[in-house]
Amino acid sequence: MRFVKRTDKPYSLVVYGMQWTKELLDEIKKKGDYARVREEIKNRYRQADIKEALERMYSSHCCYCESIIGVNTYGRIEHLKPKSLPQFYKYAFDWNNLHWCCEVCNTGYKRTNWNFENPILDPSADDIAAYLRINLQTAEYEAIDGNLRAKTTIEHTGLNREPLVKARKKMIQRILKNYKVYRQSGKDSEYLSKLRELKEDISFPDVCDALLTYFAQS
């Protein structure tokens with residue numbers, strides 16, 4: 001999980017966002033329950049330009065686990081603040097609440113989880129590196145200084161679920177092995193340059209960032 005800079009609001013939200021929000025809130029009041037509101041009103045955020053903007057913003061990676069989306073999983077528009085909770089109805093079409101997420105993180109882990117005292121970290125608003133780090137020995141995410149928001153994030157998104165940890169560990173071992181070979185031949189700088197260049201095209205660029213920091217400090 002990494003910080004990303006939020007891009008400009010997509011055209012559909014600029015033009016229709018406020019109208020959609022008003023109509024949603026009116027419909028919830030009329031029906032008395034979010035679940036009873038028609039899907040076509042609740043799901044207006046599923047616009048092509050919104051999906052495209054989020055995919056570009058996250059370089060096709062999941063905002064949580066950093067897997068490449070579109071190879072083994074579908075992309076989902078994620079509401080950081082769950083849109084089905086009464087406190088967050090008004091954020092259903094809020095650009096700052098929308099993220100790009102893999103199907104597993106979205107429906108298998110995050111779902112409607114929310115901790116009001118120690119909320120999940122926002123990849124487009126929080127300095128993730130100040131809260132979370134990857135342990136290069138275990139390949140697990142750790143909460144820096146035991147930060148409670150970081151712990152919430154790990155728990156609610158399943159950042160340390162077994163398949164992710166195994167995949168990260170395998171990647172760490174491969175990069176360390178390659179770095180050792182390049183360093184022995186005096187081409188370690190060349191290898192690190194390639195790693196920086198390619199990391200956005202593969203899963204787990206967060207692992208690459210952690211290793212690049214490690215190499216720079218060693």
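How many positive and how many negative side chains does the protein have, and how far apart do the centres of the two sets lie? The protein has 37 positive and 30 negative side chains, and the two centres lie 2 Å apart. In this count Lys and Arg are positive and Asp and Glu negative, while His and the chain ends are not counted. Each charge is placed at NZ of Lys, CZ of Arg, CG of Asp or CD of Glu.

Before I continue, a word on the source. This is a predicted model, in which local features need pLDDT of at least 70 and side-chain atom pairs count only at pLDDT 80 or more, whereas totals for chains, interfaces and linings use all residues. Residues are numbered from 1 along each chain as its sequence is written, and side-chain values use heavy atoms, with hydrogens and water left out.

Let me turn to the overall architecture. The protein contains eight helices and four strands, taken as DSSP runs numbered from the N terminus (helices: H or I, at least four residues; strands: E, at least two). Along the sequence, the order is α-α-α-β-β-α-β-β-α-α-α-α. Of the 218 residues, 44% are buried; buried means under 20% relative accessible area, exposed means over 50%, and partly exposed lies in between (1.4 Å probe, protein chains only). Among contacts between residues at least 6 apart in sequence, 68% join residues at least 24 apart, a contact being heavy atoms within 4.5 Å. Accessible areas come from the Shrake-Rupley method with a 1.4 Å probe, and for residues only the protein chains shown count as cover.

I come now to the salt bridges. Side chains of opposite charge can pair when their charged atoms come close. The criterion is a side-chain nitrogen of Lys or Arg within 4 Å of a carboxyl oxygen of Asp or Glu, and by this rule there are 15 salt bridges.

Which residue forms a salt bridge with Glu66? The partner is Arg2, with the closest N and O atoms 3.3 Å apart. This pair links distant parts of the chain, 64 residues apart: Glu66 lies in the loop between helix H3 (48–57) and strand S1 (75–79), and Arg2 in the segment before H1. Glu66 counts as buried because its relative accessible area is 3%, and Arg2 is likewise buried, at 14%.

Arg2 also meets Asp209 in a salt bridge, at 3.5 Å from N to O. Asp209 lies in helix H8 (residues 205–217) and Arg2 in the segment before H1, so this pair ties together parts that are 207 residues apart in sequence. With a relative accessible area of 24%, Asp209 is partly exposed.

A further salt bridge joins Arg133 and Glu142, whose closest N and O atoms are 3.2 Å apart. Arg133 is partly exposed at 43% relative accessibility, and Glu142 is partly exposed at 26%. Elsewhere, salt bridges that share partners join Arg2, Glu66, Lys199, Glu200 and Asp209 into one network.

Next, the surface. Tyr11, Val14, Val15 and Tyr16 form a nonpolar patch there, with about 420 Å² of accessible area together. Patches are made of residues with over 30% relative accessible area and no salt bridge, like charges being joined within 9 Å and nonpolar side chains (Val, Leu, Ile, Met, Phe, Trp, Tyr) within 5 Å. Tyr11 belongs to helix H1 (residues 11–31) and counts as exposed because its relative accessibility is 62%.

Is Thr152 buried or exposed? Thr152 counts as buried, because its relative accessibility is 6%. Thr152 is part of helix H5 (residues 148–157). Apart from its neighbours within four places in sequence, Thr152 is in contact with Asn115, Asn118, Pro119 and Ile120.

I close with the backbone. Most residues other than glycine have a negative phi. Ser59, however, has a positive phi near 50°. Ser59 sits in the loop between H3 and S1 and is partly exposed, with a relative accessible area of 31%. Ala139 also has a positive phi, of about 65°, although it is not a glycine. Ala139 is placed in the loop between strand S3 (132–134) and strand S4 (141–143), and is buried, with a relative accessible area of 0%.
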